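Here's a quick briefing to read alongside the model. Have the sequence and the 3D view open as you go.

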Amino acid sequence: MKRILQGGFLTLSGVIGIVGIVIAAMQNPSTQWITPPGRMIISILENGLLVPVILALVLFVYGLYTLLKKDKQC
């Protein structure tokens, strides 16, 4: 039960962080349009949100890993 609560909290924190960053990037759109990475990624880079994006993605992935891993009990 403890593992499920931890994993759920971490996943939810990652999702909230990602949504917040997307909202912040949409409020201050990019002045450039570069086709390969896209406008959203350029907006994130121009606004200096790269470190929060990485942190939110790490929280999200680690939370999913915690939820999906199986216990090694015999």
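Predicted model: local features only at pLDDT ≥ 70, side-chain atom pairs only at ≥ 80, totals over all residues.

Residues are numbered from 1 along each chain as its sequence is written, and side-chain values use heavy atoms, with hydrogens and water left out.

**Helix α2 and what follows**
- I42, S43 and I44 are the ones buried in α2; buried means under 20% relative accessible area, exposed over 50% and partly exposed in between, with a 1.4 Å probe and protein chains only.
- After α2 comes G48, with a positive phi near 70 degrees.

**α1 against α2**
- Helix α1 (residues 2-27) packs on helix α2 (residues 39-46) at about 90 degrees, and their axes are 9 Å apart. Axes here are lines fitted to C-alpha atoms, for helices over the stretch in contact, and angles run from 0 to 180 degrees between N-to-C directions.
- That makes α1 and α2 roughly perpendicular to each other, a label covering 65 to 115 degrees; under 35 is roughly parallel, over 145 roughly antiparallel and the rest oblique.
- On the α1 side, I21, V22, A25 and M26 meet M40, S43 and I44 of α2, with contact meaning heavy atoms within 4.5 Å.
- Sorted by class, this contact of α1 with α2 has six nonpolar, one polar and no charged residues. Nonpolar covers Ala, Val, Leu, Ile, Met, Phe, Trp, Tyr, Cys and Pro, charged covers Asp, Glu, Lys and Arg, and the others, Gly among them, are polar.

**I16**
- I16 sits in helix α1, and I16 is exposed, with a relative accessible area of 55%.
- I16 and L45 are 29 residues apart along the chain, and 19 Å separates their C-alpha atoms.

**The whole chain**
- The protein chain has three helices and zero strands.
- Its radius of gyration is 16 Å, well over the 11 Å from the globule rule for 74 residues, so the chain is more spread out than a compact globule. The radius is taken over C-alpha atoms, and the rule is 2.2 Å times the number of residues to the power 0.38.
- The C-alpha trace spans about 55 × 20 × 15 Å along its principal axes.
- Of the 74 residues, 22% are buried.

Technical notes
Helix = DSSP H or I, 4+ residues; strand = E, 2+ residues; numbered from the N terminus.
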